[in-house]
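Here is a short report on one protein chain. Look at the structure first, then read on.

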Amino acid sequence: MTLSMINKIGVWDTERLNNRIHFASAYGGLQAALDAASDGETVIADGITANSTVTVSKAVSLLGTGGYETTAGDGAAIDSTISDGSNIIEIDSDGSRLSGLTIRDLIIKGSGSDGDGIHYVGDSTSGTSNTSHYFENIQVRDNGGTGFYIEDVFQSEYKYLYAYQCGGKGIHIHADQNNNFALGRLRFIRPWTSNTGGEGIYESATSDRVRQTWYLHPIVNKTPSGVDGMLVFGARGSLIWHPHLESIGYGTPNGEAGIRVTNNGFPSPYSNMVIKGGEMLNPGGTTAYGVLFEGARWGSLDQMDIRDVSSGQEVF
């Protein structure tokens, strides 16, 4: 492989040239390339079709050539033909700790009847967490399930995730009850969801072990009537910084909120959610609530521009 061939992909730096590179097209499919790769190596999804779930179980760098703001026809993509509801990409830690996974510059195009775009369930039973992952510039579109589902991870960064026309939620973050660090120290930088069937961003938990989740400049455009733009577990030390929400609960108001902060009914005071700046606009209809603190404690809303709501801008 020559340096000129690598440069054509447009995602390389000098450091990556020291790792072994596996092109999916050279293996006849993405799964075969992932199976051949070892931890620390790089796999290129160079325009392939996935007719079954692709499983990632190693700390590799999975790279494409498209991503966040490209259109559906731009860049190489993983085109899914899955029709049985299975997920397109499944990240599997195989009952152990997985750290250092990188996914970048990827477009995942669903068939409309498949499951989640990226589905990642960490290990919640061993007392350790899956950590230090980095996802950047990834687009999931036109799939039947959630765009990004991430469960039981810790201390990771997700930058420029885009979920468009997903049948379920755009981005779903979940913490399971058995893990001491089930969900925390996560940073989402400019996540963007548009025209999803469920909430744009949804954070859930089966315990109060959630802390320090930051959503920086999130964008949520158009959710159905009765569906919140963002529903988050009001965890200790968590932050929503300068959100932009538009056309939430599109159509007739039905109890939805632009941002709903909840403690999920847990009595512990893990509810210190800070919402700073940003705006909520609803040209397509009137949302019931702007920001709703529902059973949460010590919530804070500062300098957010909220318009076109029927039941109040800030409700505790």
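Tyr-160 lies in strand 13, which covers residues 153–164. In this predicted model, the phi of Tyr-160 is near 60°, a positive value in a residue other than glycine. Most residues other than glycine have a negative phi. Tyr-160 is partly exposed, because its relative accessible area is 28%.

Asn-137 also has a positive phi, of about 60°, and is not a glycine. Asn-137 sits in strand 11, residues 134–141. Its relative accessibility is 18%, so Asn-137 counts as buried, the cut-off being under 20%.

## Aromatic pairs

How many aromatic pairs does the structure hold? There are five. One of them joins Phe-135 and Tyr-158. This pair is edge-to-face, with 5.1 Å from centre to centre and 90° between the planes. Phe-135 belongs to strand 11 and Tyr-158 to strand 13, so the pair ties together parts that are 23 residues apart in sequence. Phe-135 is buried, at 0% relative accessibility. Tyr-158 is buried too, with a relative accessible area of 0%.

Tyr-162 and Trp-192 make a stacked pair, because their ring centres are 4.3 Å apart and their planes lie at 20°. Tyr-162 is in strand 13 and Trp-192 is in strand 16, so this pair ties together parts that are 30 residues apart in sequence. Both Tyr-162 and Trp-192 are buried. There is also an aromatic cluster, formed by Phe-135, Tyr-158, Phe-188 and Tyr-215.

## Salt bridges

Side chains of opposite charge can pair when their charged atoms come close. The count here is seven salt bridges. Among them is the one between Lys-276 and Asp-302, whose closest N and O atoms are 2.6 Å apart. Lys-276 lies in strand 24 (residues 273–276) and Asp-302 in strand 27 (residues 300–302), so the bridge ties together parts that are 26 residues apart in sequence. Lys-276 is partly exposed, at a relative accessible area of 22%. Asp-302 is partly exposed as well, at 29%.

Another bridge joins Arg-104 to Asp-105, with 3.4 Å between the closest N and O atoms. Arg-104 counts as buried, at 16% relative accessibility. Asp-105 is buried, with a relative accessible area of 10%.

## Lysines and rings

Lys-169 has two partners to look for. With Glu-199, Lys-169 forms a salt bridge, the closest N and O atoms being 3.8 Å apart. This pair links distant parts of the chain, 30 residues apart. Lys-169 is in the loop between strand 13 and strand 14, while Glu-199 is in the loop between strand 16 and strand 17. Lys-169 is partly exposed, with a relative accessible area of 21%. Glu-199 is buried, at 13%.

The charged end of Lys-169 also sits over the ring of Tyr-202, 4.6 Å from the ring's centre. Lys-222 lies over the face of Tyr-250, at 4.3 Å from the ring centre.

## How confident is the model?

The mean pLDDT of the chain is 79. Of its residues, 73% reach 70 or more. Which element has the highest mean pLDDT, and which the lowest? Strand 16 has the highest, 95. Helix 1, residues 3–7, has the lowest, 42.

Over residues 1–16, pLDDT stays under 50. The model has 21 contacts beyond four places in sequence for this stretch. Where pLDDT is low, the predicted coordinates should not be read in detail.

Methods
Residues are numbered from 1 along each chain as its sequence is written. This is a predicted model: local features need pLDDT of at least 70, side-chain atom pairs count only at pLDDT 80 or more; totals for chains, interfaces and linings use all residues. Side-chain values use heavy atoms; hydrogens and water are left out. Helices (H or I, at least four residues) and strands (E, at least two) are DSSP runs, numbered from the N terminus. Buried means under 20% relative accessible area, exposed over 50%, partly exposed in between (1.4 Å probe, protein chains only). A salt bridge is a side-chain nitrogen of Lys or Arg within 4 Å of a carboxyl oxygen of Asp or Glu. pLDDT is the predictor's confidence in each residue, from 0 to 100. Contact means heavy atoms within 4.5 Å. Rings of Phe, Tyr and Trp (its six-membered ring) pair if their centres lie within 6.5 Å; planes under 30 degrees apart count as stacked, over 60 as edge-to-face and the rest as tilted. A charge sits over a ring if NZ of Lys or CZ of Arg is within 6 Å of the ring centre and within 35 degrees of the ring normal.
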